[in-house]
Amino acid sequence: MKSSDISVEAKGVSKNYSSVKALDDLSLSVQKGEMFGLIGPDGAGKSTLFRILTTLILPDSGVATIEGFDIKRDYKSIRRIIGYMPGRFSLYGDLTVDENLSFFASVFNVKVADNYPLIENIFKDIAPFGSRRASRLSGGMKQKLALSCALIHKPSVLFLDEPTTGVDPVSRREFWQMLERLKTYGITIVVSTSYMDEALLCDRVALIKEGRVLSSDSPRGVIDSYQNTLLAIWGDDMHSLLKELRSYNEVKSVYSFGQEHHIAIDKKLYNHNYIDSLTQKLEERGERNFHIKVIAPTIEDCYMEFSANKEGYE
Amino acid sequence: MRQFFIFVRKEFLHIFRDGRSVLILLLMPVVQIILFGFALTNEVKNVKVAIMDPSRDAATTMITERLTAGEYFRPYKMITTEQQADALLRGGEVSLILNYSERFREKLMHQGSARLGLTADGTDPNMASSIILYASSIIRSAELDIAGKNLHSGGVAIPNVRLLYNPQMKSSYNFVPGVMGLILMLICAMMTSISIVREKETGTMEVLLVSPVRPLFLILSKVVPYFVLSVVNLTTILLLSVFLLGVPVTGSLFWLVILSLVFIFVSLSMGLLISSIASTQVAAMLISGLVLMMPVMLLSGMIYPISNMPDILQVIAQFIPAKWYIEAVRKLMIQGLPLNSVVTELSVLVAMAAIYLTASLRSFRDRLQ
């Protein structure tokens, strides 16, 4: 990777809030034109990283650059070329849709018409409500307006902090389609989410836990690096199954996953007879009415494994 | 310039779309002036008097008539016993008891003095002393007319009280300057700080910071609307006080306006300072309330005279901008003194404006804390 291809880079970034480590020696790099996902639960440090990258706060240590500009020294240049959508609804609820858009255009000293083609696809759905106050829009429409406002100056890098949190599933899907379309304009997009399934929609992701990167790769690469064989089990008495499985040696981890439990088995200890022998063992212990099958790991399974490994090393 | 205009317009939209803001900003000065001017008055007017007159002679009749002739006192009841007087006073039915001694005229004419008691309700001592002062001066002059030279030499020392600048003891003379200080402080400091803190609270400040807009520009666009509204309020207050309360601007209107503008600047910069300390609107409101409102009300000389305060409070009062402003307004507006009499106040205010403005501009960071 040539350095000129890099859009966002962070090296050894740390940030403490009083005694809490929000970011701990975090490094990552995002290529130009890429859709990069920061994946992690609430409190993983995603928002703190966003605030550092958008020059809102300074890291305690480490360096970061956006399009070659240093976040500390060149923060003014960075503010000209990035778009930022914070986690919470950050528009003026008492201004109308149109007023919000034209205000944010004037913030960047552009006119709405200048870059309208870029936002047309997003804005056209809310354009009919142009004279409605922003506070009276639905969640999905608020997101669209916020995205339009963040894009109105045609930024080179777009930072979206949990844009789909609290948005209904249909609007979420629609939102990701809009981001997909933005990529054709060559805009680098850094997006954070706590929905693991959304990771698959990114070009590359970084799994983040407690301020550290667990893994950074393409979603495919993350899944391919999964070291275990994964089984799903579901049955009548899920609670007793969970307790039982946790006592087995070859079971590296077992956790509830929606309606089922996911069981990670060490690859070396797994063979084609394993499911049968496990079934037998469980039946001997009095478990009835359950089903087991091999499944492909999801990003969330990877996250669970990587975070367990990380703890194991410490 | 176009950008600035859009920013200022946005602030005005915020203000006018919020009913409460409009109410506070435009109606409050009117309500306060009317409230202070008419309802919360200290003036002696229509005070109810109960009269105990066992002598019922020409002298007592004349004194009673004199006393109740004007608009100050109104006879409420003729009574005969101390118990009655006590009950009326306790029940708050009357505010003053006039108690003649027996054979009043006879004593007055022959002995040169006659006893006459005035009892006032002391729960409001200021009011009570005003009432007594009024009543006794009327009674003295009536006594003098009746007894003439027969009056006992000890009793003739009639104090000739004359109140300069405010001969009718109109209380509006006192609080028009106070209300001016209060309202300008409130609107500039409280509303400005709240409007900035609101952007912090809703997260829009984050978006604005991550943009090429310079913080100074941002602050200016926040301040301009409140400056304009303060000027509107200043005009309203002056018009109301001149035409409704009859408090004239005896001094130079020009310097009064200049003085007020300086005070507005001080208040605005205090508001900016508060906005950089507070992170929620409630906090901003509380700080404005505690740090600005209370001292302005209590320590600026608006309600209680500063010279009567304990030393420590007098020292604290020196740091309150409103104290200097109200003092200067009294001199310029009510007393009609020339500019050179308020040079101290004006320079203190200018210095305060400079200090607070520098401090607030310095404290406004272009990153989040």
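The model is predicted: local features need pLDDT of at least 70, side-chain atom pairs count only at pLDDT 80 or more, and totals for chains, interfaces and linings use all residues. Residues are numbered from 1 along each chain as its sequence is written, while chains are lettered from A and ligands numbered from 1 in the order in which they are written.

**Chain B**

Helix α13 of chain B covers residues 321-335; helices (H or I, at least four residues) and strands (E, at least two) are DSSP runs, numbered from the N terminus. From first to last C-alpha, the 15 residues of α13(B) reach 20 Å, close to the expected 21 Å, where the expected span is 1.5 Å times one less than the number of residues. Of these 15 residues, 13 are buried (20 or more other C-beta atoms within 10 Å of the residue's own, with C-beta atoms placed from the backbone).

An automatic or database assignment sets the domain bounds. The C-alpha centres of the two domains of chain B lie 47 Å apart.

| Domain of chain B | Residues |
|---|---|
| domain 1 | 2-40 + 171-363 |
| domain 2 | 47-155 |

**Interface**

In the interface, 20 residues of chain B are in contact with 23 residues of chain A; contact requires C-beta atoms, placed from the backbone, to lie within 7 Å. On the side of chain B that touches chain A, the elements giving two or more residues are α1 (2-17) and α8 (204-209) of chain B. Of the elements, α1(B) gives the most, with six residues. The residues on this side of chain B comprise nine nonpolar, six polar and five charged (nonpolar: Ala, Val, Leu, Ile, Met, Phe, Trp, Tyr, Cys and Pro; charged: Asp, Glu, Lys and Arg; polar: the others, Gly among them).

**Chain A**

Chain A has 10 helices and 14 strands, and its C-alpha trace spans about 75 × 45 × 35 Å along the principal axes. Buried residues make up 43% of its 314 residues.

An open sheet of four strands in chain A runs in the order β2-β1-β4-β5, with antiparallel pairing; strands pair if DSSP finds at least two bridges between them. Because β2 (20-31) and β5 (69-70) of chain A each have a single partner strand, one side of each is left without a neighbour in the sheet. Two bridges join β4 (residues 61-66) of chain A to β5(A), and A:I66 has A:F69 in β5(A) as its bridge partner.

Methods: Contact = placed C-beta atoms within 7 Å. Buried ≥ 20, exposed ≤ 12 C-beta atoms within 10 Å, placed from the backbone.
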